[in-house]
Amino acid sequence: MVKKAIISAIAAIICVALATGAISSGVKTYANAMKEAAANSAAGGSSEEVGLDEVGLDEQGGLDASTDGTATDDGTGDAAGDTTGDATGDATGDATGNATGDAPAGNAGNATQGSAKPADGVATLNYYNKVISQAVSAKPGYDKSRVTDNAKMEGSAGLEAMKDLVYQFMGIGEENKYTEKVEKGKWGDVNFLNVSKLAASDVTSATCKESGDNYVITLKLKSGSSAADKSNPTTAPNTALDKCGICVGSEDKGYYDHKTASVIYSAIGGTFASAVVKESYSNATVTATVNAETGNLVSLVVEWNQKVELSKLIAMSADATGISHVRYENFKY
């Protein structure tokens, strides 16, 4: 959906190059114009990284079944430390949804109605997975929105002319906000809410608190990253963030919540085939409010810090950051 906008952006780059004297009167072709503009911006542009705040993570371990849901880090880096608490999905019916988010068979027997408050971190994670699975099975109506704010971008002068387009790749700003109103029982061909496939190894903490008639579940997810280029244009979304139930994929679709490297390369690869895209996220938090009596979702909010690094766009590069917010609310079961 972004590809058409690139043509206008290219024209903007050429205008910048003309203003800076990058294109001489002797340049007769578009290709030469782009090369000269790129060379100029490569020489004078900035490629300094824009850092993001990082959460403290145990990169190999996960949620410990023996704790109250906080991250464990004993200094050993034991990759097997989460096995006893791994939310495998066979027992809970929570982690076997397919790529479209259809509820796995057998979920009817896993309804959370009347469930007691989860006792620890692993029970909280299992409870969350069941709640999301139940919602996908019930197909309630709801309102959804996704927006990315607190945007920053630094890079080559030529890409500064494409800032609006880069922000469009990332869904940054009110002008790129995505909203959807889903009718009860009429979910169509796209599942904007999908079955959660989170395992204990994807989560660093999981807590559940009572708030009036509701439980408020908070999950802290492990950071993740993705990359794409001409030799590897498409990678299926498989980070902890991608597994929590939001809408994800690997193509240029405006309704995808997590703009992975594959999504961005899909948008620009046709024009900038040599482009290299690196994407990463941190501080990912899932907050689910659930009716304690029915087990139905009241609201779901997923937030994370995102960073995108673009390079080799005809010698131009840029780093862009923002904070993404995905919200599901006004559920009607």
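User: Which residue follows α5, and is its phi positive or negative?
Analyst: α5 is followed by Gly 171, and the phi of Gly 171 is positive, near 70°. Helices here are DSSP runs of H or I with at least four residues, strands are runs of E with at least two, and both are numbered from the N terminus. This is a predicted model, in which local features need pLDDT of at least 70, side-chain atom pairs count only at pLDDT 80 or more, and totals for chains, interfaces and linings use all residues. Residues are numbered from 1 along each chain as its sequence is written, and side-chain values use heavy atoms, with hydrogens and water left out.

User: Which residues in α5 are buried?
Analyst: In α5, Leu 165, Val 166, Tyr 167, Phe 169 and Met 170 are buried, where buried means under 20% relative accessible area, exposed means over 50%, and partly exposed lies in between, using a 1.4 Å probe and protein chains only.

User: And where is Glu 175, and why does it count as exposed?
Analyst: Glu 175 sits in the loop between α5 (163-170) and β2 (178-182), and Glu 175 counts as exposed because its relative accessibility is 62%.

User: Switching topic, what phi does Asn 283 have, and which strand holds it?
Analyst: Asn 283 is not a glycine, yet its phi is positive at about 55°, and Asn 283 lies in strand β6, residues 276-291.

User: What about Lys 312?
Analyst: Lys 312, also not a glycine, has a positive phi of about 60° and belongs to strand β7, residues 297-313. Lys 312 counts as exposed because its relative accessibility is 55%.
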